[in-house]
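User: I would like to learn how to read salt bridges in a structure. Please take me through them step by step.

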Amino acid sequence: MFERLTKDARAVIEGAVEQARSGGARTVDAEHVLLALLDSEGGRASFALSDLGLGESRDAVREAVGEARRRAGLTRAEADALAGLGIDVGEIVARVEEAHGAGAMTGDAGSPGRWSGGRPRFGRGAKDVLERALRVALGRGERSVGGEHLLLALTVLPGVAGEVLADFGVTFEEVTRVCPSAHSARSAEK
């Protein structure tokens with residue numbers, strides 16, 4: 001899989017690993033890929049994010065991701081569903097943090113076995129992003145996986161990253177609109 005990544009996509013994945021490390025996370029997750037995409041420069045994904053207005057909303061996106069991680073990675077939709085059952089996720093988070101400190105439910109800093117042997121582990125979310133990005137690239141007639149494919153994958157996968165992107169108007173359709181595939185561009189030229 002990694003041999004199919006473009007230089008840009010490899011930089012995003014390296015950035016995701018660094019995001020996880022700097023946050024004290026045990027694993028690299030989809031949210032770390034999103035944060036790395038926000039920091040990336042010069043690639044098709046960064047241009048798409050800028051075109052969609054996320055350039056000026058980076059801090060708000062980071063804050064939304066941080067809040068979801070505080071809720072143990074629950075999306076707002078999941079928290080709302082639990083509220084419908086009488087479970088107040090905000091209250092649970094407050095009590096856990098009161099007893100164990102801020103960010104206790106993130107599963108990040110202070111967790112045993114964070115980085116075994118100096119090599120990060122990729123969580124299910126990050127693996128799903130990579131797998132879906134490959135499918136998106138192949139579906140668009142492209143042989144390599146670029147940062148734009150990682151971004152497109154994040155928009156279609158369930159979870160915090162996709163929900164946060166949607167909240168800021170970054171959907172599969174919008175990314176495709178501002179970042180058409182090379183294959184589609186070649187077809188349009190003929």
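Reading the salt bridges

Analyst: This is a predicted model, in which local features need pLDDT of at least 70, side-chain atom pairs count only at pLDDT 80 or more, and totals for chains, interfaces and linings use all residues. Residues are numbered from 1 along each chain as its sequence is written, and side-chain values use heavy atoms, with hydrogens and water left out.

User: What is a salt bridge, and how many salt bridges does the structure hold?

Analyst: Side chains of opposite charge can pair when their charged atoms come close. A salt bridge is counted when a side-chain nitrogen of Lys or Arg lies within 4 Å of a carboxyl oxygen of Asp or Glu. The structure holds five.

User: Which side chain meets Asp-128 in a salt bridge?

Analyst: That of Arg-124, at 2.9 Å from N to O. Both residues belong to helix H7 (residues 124–139) and sit four residues apart, about one turn of the helix. Helices here are DSSP runs of H or I, at least four residues, numbered from the N terminus.

User: Where does helix H10 come in?

Analyst: Helix H10 (residues 172–178) contains Glu-174 and Arg-177, three residues apart. Their side chains form a salt bridge of 2.7 Å, N to O. Arg-177 counts as exposed because its relative accessibility is 55%.

Conventions. Helix = DSSP H or I, 4+ residues; strand = E, 2+ residues; numbered from the N terminus. Buried < 20%, exposed > 50% of the residue type's maximum accessible area, 1.4 Å probe, protein only.
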